[in-house]
Amino acid sequence: MINLQKAEFLRSAAGLSGLPKDGLPQIVFAGRSNVGKSSVINCILGRKNLARTSSMPGKTANINLYAIDKKLYFSDLPGYGFAQVSQQERQRWGELMDQYFADCKDIALGVLVVDLRHKPTADDIAMANVFRQIGLPFVVCANKADKLGKTQVTDCAALVRETLGISPEQLIVFSAVKGTGKQEFLSELFSHVRE
Ligand SMILES: Nc1nc2c(ncn2[C@@H]2O[C@H](COP(=O)(O)OP(=O)(O)O)[C@@H](O)[C@H]2O)c(=O)[nH]1
Ligand SMILES: [Mg+2]
C-alpha cells in the first residue's frame, strides 16, 4: 500500500542532475501556468499547501519533486504558455523537457492538467503529443469544473476530448477546490503504479 499521507517536498530541480535516480516510478504533472497543477497535487495528496500555489503564473521554472511514502514521486513540471516569459526562458524550458523525457525511464504516468472551461491550446496539444511520442500512458485532468454548471461540464469535456484526441477513459473532470475526480484519479494512478 502506498500511503499518500506520507508525502514530502523533495527538491526543486533546475536540471537533470536534480532528478531522482533510484528507479522509483514518477508521475509527471504538466500544464499551462495557472491551470491549477499545484492545486491538483495538493488535492490528491490531501494537503493544503505542500505544492506551492501562486497567483503569480510562470514563476517556477524548475521541476518540483515530491516524494511519496518512499515509493513514488510526483514531478510538477514548470508551467508553459505564460506570455511574459523571455525567449531564453522558453528555450530553457524546451530543452529541460526534451532531456527529461529522453532520459527518464521511470515515468509511469503522465498527467496533463487543462482548464475544463477552455479549448486546449496548441501547447496543450503539443504536450499530449510528447506523451504519445514517447509511448507514455497519460490522463487529462480537466480542472476547475466547479466553475461550470452540469450541462457546460458535458459540453466542455467533449471539446477537451476532441481537441486532444483522447479516449473518454483518459479524461478526468476535476476540481481541486471541491475534490471532484479525486477518486477516479487515484484509481488511474494505482493502475499504473504497483503498490
Ligand atoms: N475555482 C477553482 N480554482 C482553482 C482550481 N484549481 C486551482 N485554482 C486556482 O487557480 C490558480 C492557480 O493555481 P495553481 O495551483 O497555482 O496553478 P499552477 O500554476 O498550474 O500550479 C490559484 O488561484 C488557484 O486557487 C479549481 O479546481 N477551481
Ligand atoms: Mg504551480
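**A walk through the fold**

Guide: Gladly. Of the 43 residues in the largest nonpolar core, those that touch the most other members are F29, V40, V111, L112, V140, C141 and A142. Strand β5 gives this core its largest share, 6 residues. Please keep in mind that this is a predicted model.

Visitor: What makes a group of residues a nonpolar core?

Guide: Its members must be buried residues of nonpolar kinds, such as Val, Phe or Cys, joined through C-beta atoms within 7 Å. In soluble globular proteins, nonpolar side chains tend to be buried together.

Visitor: Which residues is F29 in contact with, leaving aside neighbours within four places in sequence?

Guide: They are K37, V40, I41, F74, S75, D76, L77, V111 and V113. A contact here asks for C-beta atoms within 7 Å.

Visitor: How do you know that Q26 is buried?

Guide: The cut-off is 20 or more other C-beta atoms within 10 Å. Q26 has 22 such neighbours, so it counts as buried. Q26 is found in strand β2, and beyond residues up to four places away in sequence it touches L72, Y73, S75, C104, D106, I107 and A108. The C-alpha atoms of Q26 and L65 are 9.3 Å apart, although 39 residues separate the two along the chain.

Visitor: And why is V177 called partly exposed?

Guide: V177 has 14, so it is partly exposed. V177 lies in the loop between β7 and α5. From V177 to T154 there are 23 residues in sequence and 19 Å in space, C-alpha to C-alpha.

Visitor: What other strand does β2 pair with?

Guide: That is β5 (residues 107-115), in the parallel sense over 6 bridges. There, I27 stands opposite L109 in β5.

Visitor: What makes β1 and β7 edge strands?

Guide: The open sheet has 7 strands in the order β1-β3-β4-β2-β5-β6-β7, with mixed pairing. β1 (7-13) and β7 (171-173) each have a single partner strand, so one side of each is left without a neighbour in the sheet. Direction ignored, neighbouring strands of this sheet are turned by 25 degrees against each other on average. Helix α4 (residues 150-164) packs on the sheet, touching β5, β6 (138-143) and β7, and its direction makes about 155 degrees with that of β7.

Visitor: Why is helix α1 described as largely enclosed?

Guide: In α1 (residues 37-45), 7 of the 9 residues are buried, so the helix is largely enclosed by the rest of the structure. These are K37, S38, S39, V40, I41, C43 and I44, and they pack against β2, β3, β4, β5, β6 and α5 (182-192). After α1 comes G46, with a positive phi near 65 degrees.

Visitor: How do you know that the chain agrees with a compact globule?

Guide: For 195 residues, a compact globule would have a radius of gyration near 16 Å; the chain has 16 Å, so the two agree. Its C-alpha trace spans about 45 × 45 × 30 Å along the principal axes. The chain has 5 helices and 7 strands, and 34% of its 195 residues count as buried.

Terms used: Residues are numbered from 1 along each chain as its sequence is written. Chains are lettered from A and ligands numbered from 1 in the order in which they are written. This is a predicted model: local features need pLDDT of at least 70, side-chain atom pairs count only at pLDDT 80 or more; totals for chains, interfaces and linings use all residues. Two strands pair if DSSP finds at least two bridges between them. Helices (H or I, at least four residues) and strands (E, at least two) are DSSP runs, numbered from the N terminus. Axes are lines fitted to C-alpha atoms, for helices over the stretch in contact, and angles run from 0 to 180 degrees between N-to-C directions. Two residues are in contact if their C-beta atoms, placed from the backbone, lie within 7 Å. A residue is buried if 20 or more other C-beta atoms lie within 10 Å of its own, exposed if 12 or fewer, and partly exposed in between; C-beta atoms are placed from the backbone. The radius of gyration is taken over C-alpha atoms; the globule rule is 2.2 Å times the number of residues to the power 0.38.
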